[in-house]
Amino acid sequence: MKKRHFKVVGLALAVLMALSAALVGCGNVDSPAQTSAAAADGGVAGTGTPAVSAADGTWQWGDPEWEAAVRAKVEGKTFKIGFTPPAASEFYDIIMHGAYTMMNELHDRFGVNFEFEFVAPSEHDAVESQVSTIENWATKEFDAVLVCTAGDFDSMNAVYEKATAAGTAVYLFNMPAELWDVDTIKATSVISYDNARQSGYLVGQYAAEKLGGEGKILFISGNDGHWTTSRREGFMEAVSEYPGLTIVGEQRGEYVRDSGMAAAENLLQANPDVDFIYGENEEMAQGAVQAVQAMGLKMWDGSEGIIVVGADGLKSGFEQIRSGGLTATVDVGSVDQGREAVKAIFMHELLGYSIDKVINVPTILVDSENVDIPEAYVDWALAAEESYN
């Protein structure tokens, strides 16, 4: 059985990460109004600590003396970060913009500057290109790199060890750490979510709920590899709890929309009476929507039709949910993956705090009933400009 370890994280880091998720930062972001209790106290309610008002365009990050000490340590420093996903896509653009929001916040709050470089290979399987990018950044003495890769686990571990030995810290994002013994991961930390329990399982539960525990399901998978392995495990675990749910077909969709559409067309020709399609990522799920519509089949209207569910949390997916195309998706915390990755780097590399080996962000199943909040969060991140130096 895979061994799970948890390291104790400094209290300040835990508190600050909670604040980050709840209070979406400072600088060029609108902030919540100061509470009346805090205002009456001249600051934070019951503490006497001066609060930063919404009029300042900021929100309290921590105790003023702590903030001053942090600023004295990092102000004027420039920290170089590389960001390499397995391919350029809308999903990774959202994660990158989440990173922008945190770099902007840290720059505004503490005076630290960032150099940030984005390089993506041409496609998921172009791993050699990613390896060259990481090695190049280490040669250029980047302080840290953020990596998401389809590469073989052991081979990439060797790349991470080499970069770390050269003085470049490696952080992973959007990677299924649940598949590996944490002691074997050579990166400093993995900022992600549990693909099985926080994504695939949620979709399986949603299928059971909407179909009343009985129906025919199609599964469109991505490339063979770690994401598909973990999401399938979670999905199948949920489906197995309902004997009336049957997987009647599966085909690869290569994680892109046109291939997802082609896979769905092939599967639907053999199974036109299907009830539910799970596209393992949102691009493939949107391709499946196009296939259903092109074949003249009925999309789910709340009581009948084909349900199509994806996973990512894209702006385009939220828009489809609103228009009656995509039924639902799992928002896998794309904004928070970017924010918490940069924050972990800042706290560990610049301030010396301990961090957990695996940091999982919250996820949520999104449909027409709750799309407003996750869509607003993505909109906020996508509006962020690069203003961190």
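Me: At 44% relative accessibility, what does Asp 301 count as?

Reply: In this predicted model, local features need pLDDT of at least 70 and side-chain atom pairs count only at pLDDT 80 or more, while totals for chains, interfaces and linings use all residues. Residues are numbered from 1 along each chain as its sequence is written, and side-chain values use heavy atoms, with hydrogens and water left out. On relative accessible area (1.4 Å probe, protein chains only), buried means under 20%, exposed over 50%, and partly exposed in between. So at 44%, Asp 301 counts as partly exposed.

Me: Which residue forms a salt bridge with Lys 298?

Reply: Lys 298 is partly exposed, at 42% relative accessibility. A salt bridge here takes a side-chain nitrogen of Lys or Arg within 4 Å of a carboxyl oxygen of Asp or Glu. With the closest N and O atoms 3.2 Å apart, the partner of Lys 298 is Asp 301.

Me: Which residues do salt bridges that share partners join into one network?

Reply: Shared partners do the linking here. The one network holds Lys 315, Arg 322, Asp 372, Glu 375 and Asp 379.

Me: How many residues apart in sequence are the parts that Glu 135 and Lys 162 tie together?

Reply: The whole structure has 16 salt bridges, and one of them joins Glu 135 to Lys 162, with the closest N and O atoms 3.7 Å apart. Glu 135 sits in helix α5 (residues 127-139) and Lys 162 in helix α6 (residues 153-165), so the parts tied together are apart in sequence by 27 residues.

Me: Which residue's side chain meets that of Lys 216 in a salt bridge?

Reply: Lys 216 is partly exposed, with a relative accessible area of 34%. The N to O distance in its salt bridge is 2.8 Å. Lys 216 is in strand β6 and its partner is in the loop between α9 (257-270) and β8, 57 residues apart in sequence, so look there for Asp 273.

Me: What is the relative accessible area of Leu 218?

Reply: Leu 218 is in strand β6 (residues 215-221). Its contacts (heavy atoms within 4.5 Å), not counting residues up to four places away in sequence, include Val 248, Leu 267, Val 274, Phe 276 and Tyr 278. Leu 218 is buried, at a relative accessible area of 1%.

Me: Which strands stand at the edges of the sheet?

Reply: Six strands form an open sheet with mixed pairing, in the order β7-β6-β8-β9-β10-β12. Two strands pair if DSSP finds at least two bridges between them. An edge strand has a single partner, so one side is left without a neighbour in the sheet, and that describes β7 (245-252) and β12 (364-366).

Me: What is the bridge partner of Tyr 278 in β9?

Reply: Strand β8 (residues 276-279) pairs with strand β9 (residues 307-312) in the parallel sense, over three bridges. The β9 partner of Tyr 278 is Val 309.

Me: Which helix gives the largest share of the core?

Reply: A nonpolar core is a set of buried Ala, Val, Leu, Ile, Met, Phe, Trp, Tyr and Cys residues joined through side-chain atoms within 4.5 Å. The largest one has 112 residues, and Leu 106, Tyr 171 and Phe 276 are among those touching the most other members. Its largest share, 11 residues, comes from helix α4 (residues 90-110).

Key:
Helices (H or I, at least four residues) and strands (E, at least two) are DSSP runs, numbered from the N terminus.
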